[in-house]
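Colleague: Before we discuss the terms, please show me the model.

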Amino acid sequence: MKIAIIGAGYVGTTTAAAFAHHGHEVFVADNNQEKIKAFQRLKVPFYEDGLEEALKEFIQKNLLSFTTDIKQIIQGCEVIFLAVGTPSLTTGEADLSYIKEAAKEIGRYMNDYKVIVIKSTVPVGTVNYVQEVIQDELKARKSNIPFDTVSNPEFLREGKAMEDAIDPERIVIGSDSERAETIMRTIYKEFRCPNIMCTSPKNAEMIKYASNSFLAAKISFMNELARLCDVLGVDVAEVSKGMGLDSRIGHQFLQAGIGYGGSCFPKDTKALAQIALQRNLSLGIVEAVCAVNETQAQWFLEKAENALGSFSGKQITVLGLTFKPDTDDIREASSLKIIDYLVKKKALISVFDPKGMEHVKKLFPGISYKTDPLQALTNADAAIIATEWKQFTELDWKSAKKVMAQPYIFDGRNSLDPEVMKNLGYVYMGVGRPPL
Ligand code: NAD
Ligand code: UDX
């Protein structure tokens, strides 16, 4: 099938690659010219493992193309996916202005029956809203071209985006139209997906917010528990291991740390809480999930500061800047809160990250960016691990100790073995782990 995708971000491009992988002809449009130029030069303007190679392959096979000509792709394809951003407004609500703009363009240019599929994460009711926006545009053109709007939320994880998009664990299709549902099933026919769920658009929209908020809740629960474990001298990592052995609980998303980041959990939890508040409901659990996350890094830093005596004038190395390993994405990364805190405390800051340094340089030009972990640790009074990149978990910590001025390790991701670190002579502090 010929498929159009509006929005060439993480989701739009990965989805495009997955559709091309399964034999569709995909046309991706974005109103950011620089981005489109990069894709046309076969360069992905962000880091996602395997994506660049896949895009190259499909562009060369003429299964995939990138353009700024949104009108052309709207008119050339029966199915149009919206994968534009839905960032947080200052109130916490989702900003639907990009969705609205893209919907207007569809209404302005569509020439025959279309299925408009919302892949972006959007509040319940947005499928109806998009329908109205398109309807208004058609009315202005005195046209009554038929169309359907569908919700098809995306569940991919950054760092594993390609495998998640090509072989998703679930596909949720929210549609009120049989015709559109049949088209959606045809699109996904070749996908090896064990669970394709068809439901109403509103249910589908809620499934996405509920899923992200639930995963975030698991993390915030463990982070809050870590604070208690810390006081009681209990190891939260052991507690998590023991809890996870219950198959009803499971091991995933139980790792305590310095808080969740990224472009989804922080914004989607806030948006869900806000959706409820607008209906005079307060989602106490979701609000608590957000509140724990807001304060987790600060709680950890205060403990680290106490352990060290003070950060002022000390050489502190931050290892890891991205919101998780295997991405260059620094949106809502805990490292930013850490650097901000250290700057205020007048620490001398060195950092290293395998992929995220260029983005952080723009926000904190005054700190020292190093080319490898050992260089970053040279003369350090303490290291703070903010992201559990392999480069840090597999680092030669014996050699690292020789270059550091003082042997303090503050492991914000519980990524190292406390006993191993102690035996190497380090003063190790994790999240909710008793000192050995
Ligand atoms: P992104 O910011 O990386 O990309 C969005 C793109 O849309 C940008 O390139 C922007 O220029 C483009 N755009 C905006 N308005 C446009 C318009 N009118 N016409 C053409 N292009 C336009 O965003 P993303 O991370 O890909 O996320 C997109 C959506 O998917 C969001 O709703 C997000 O919550 C959701 N989502 C993201 C992830 C993730 O891991 N990033 C996972 C699941 C769902
Ligand atoms: C998330 C969802 O997992 C995905 O389904 C959705 O489509 C988009 O949002 P992503 O943001 O890419 O994916 O990363 P994820 O692996 O979920 O991690 C999010 C944050 O939670 C990271 O900062 C990570 O460090 C943190 N995290 C994760 C924990 O602190 N503890 C855990 O146990 C798991």
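**Terms and values at the domain interface**

Modeller: Glu 158 forms a salt bridge with Arg 331, with the closest N and O atoms 3.8 Å apart. This is a predicted model, in which local features need pLDDT of at least 70 and side-chain atom pairs count only at pLDDT 80 or more, while totals for chains, interfaces and linings use all residues. Residues are numbered from 1 along each chain as its sequence is written, and side-chain values use heavy atoms, with hydrogens and water left out.

Colleague: Why is the pair Glu 158 and Arg 331 called a salt bridge?

Modeller: A salt bridge is a side-chain nitrogen of Lys or Arg within 4 Å of a carboxyl oxygen of Asp or Glu. The closest N and O atoms of Glu 158 and Arg 331 are 3.8 Å apart, so the pair meets that definition. The count between domain 1 and domain 2 is 1 salt bridge.

Colleague: What defines domain 1 and domain 2?

Modeller: The domain assignment, automatic or from a database, gives domain 1 as 2-199 and domain 2 as 214-429. Their contact (heavy atoms within 4.5 Å) takes 16 residues from domain 1 and 16 residues from domain 2.

Colleague: What area is buried between domain 1 and domain 2?

Modeller: About 1,300 Å², of which carbon and sulfur atoms give 50%; buried area is the accessible area (1.4 Å probe) that two parts lose on being put together, summed over both. In domain 1, Tyr 47, Glu 93 and Glu 158 lose the most area to domain 2, together 40% of what that side buries.

How values were computed
Chains are lettered from A and ligands numbered from 1 in the order in which they are written.
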